[in-house]
Amino acid sequence: MKREIGITQPEYLVEDWPGKYDIFSWLEYIVTVPNPIFIVCTRKANGAPNANLQSWGLLIGEKDNYSSLVALLDNTHTYGNILREGEWCVCFPSFRYNHQCFETIRRNAPDNDEINEAGFTVELPKSVQAPRIAECLINLECRLEWHHPLYEKSHWHLFAGRVIHLAVDEAVMVPDPDERMRIMELMYNIRSTVHPLTGEQYVLNTLGLLSKVEDIFKDQRQLSDRK
């Protein structure tokens, strides 16, 4: 049986860190739709590498226009870096580097090298100034096309950047998607699940891994082959 849930934040909802439900909608913890984790890399004003651990974005496009869409808070270094430089790199880390990923958050400072200090290795890009991460198996170099607030007076802004160069490790260049996902070990952000009617929370946060890729048309193709 479905329960109808309004969008008004209930009073019994408890924050486990100050401002949690101001920065993020409480509905994100109810819906719990996993988003892939990636790192947005930019260059600071002094040229130092900046790393922004992210899961609010997607890749979308059409012929000759494959684009990265990311959501950023207007008080972040990444927000200012992209407005100044007009470019960024999207790097997809594997689960084996989850410690380094979250270390980028703790290494957040105005002028330091967040990538190397977090335990990653800076990799030179081919067509932008924004750094890449050598340990990430897929790196997308992007150039800003447009940006605007999520809504009027919102602190969240959407940035769309055209992918102008792509670097992919040979290890993931396999046609079998199940094998490719096993090699990549992509992480998914699964929010600390909250019960919408009681406010009970599972844990502070969790990570997900894609465990199976299913060929849903396999039976249809086998049937067609027998005809």
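**Exercise 1. Describe the largest pocket: what is its volume, and which residues line it?**

Step 1. The largest pocket holds about 920 Å³ of space. A pocket here is an open set of points on a 1 Å grid over the protein atoms alone, where a 1.4 Å probe fits, with protein on both sides within 12 Å along at least five of seven lines. The volume is the space filled by probe spheres set on the points.

Step 2. The lining counts 34 residues, and Phe-24, Asn-52, Leu-53, Trp-56 and Ile-105 are the closest to the centre. A lining residue has an atom within 4 Å of a point.

The model is predicted: local features need pLDDT of at least 70, side-chain atom pairs need pLDDT 80 or more, and totals for chains, interfaces and linings use all residues. Numbering starts from 1 along each chain as its sequence is written, and side-chain values use heavy atoms, without hydrogens and water.

Step 3. Sorted by class, the lining of the largest pocket has 16 nonpolar, 14 polar and 4 charged residues. Nonpolar covers Ala, Val, Leu, Ile, Met, Phe, Trp, Tyr, Cys and Pro; charged covers Asp, Glu, Lys and Arg; the others, Gly among them, are polar.

Step 4. The largest share of this lining, 5 residues, comes from β3. Helices (H or I, at least four residues) and strands (E, at least two) are DSSP runs, numbered from the N terminus.

**Exercise 2. Which element gives the largest share of the lining of the second largest pocket?**

Step 1. The second largest pocket contains about 510 Å³. Among its 21 lining residues, Ile-23, Ser-25, Leu-150, Ser-154 and Trp-156 are the closest to its centre.

Step 2. α1, β4 (57-62), β5 and β10 (156-168) each supply at least two residues of this lining. The largest share, 4 residues, is that of β5.

**Exercise 3. Is Thr-42 buried or exposed, and which side chain joins its own in a polar contact?**

Step 1. Thr-42 is found in strand β2 (residues 38-43). Its relative accessibility is 0%, so Thr-42 counts as buried (under 20% relative accessible area; exposed is over 50%; 1.4 Å probe, protein chains only).

Step 2. The side chains of Thr-42 and Asn-81 are joined by a polar contact of 3.0 Å. Such a contact is a pair of N or O atoms within 3.5 Å, one able to donate a hydrogen and the other to accept it; residues adjacent in sequence count only if both atoms are side-chain atoms.
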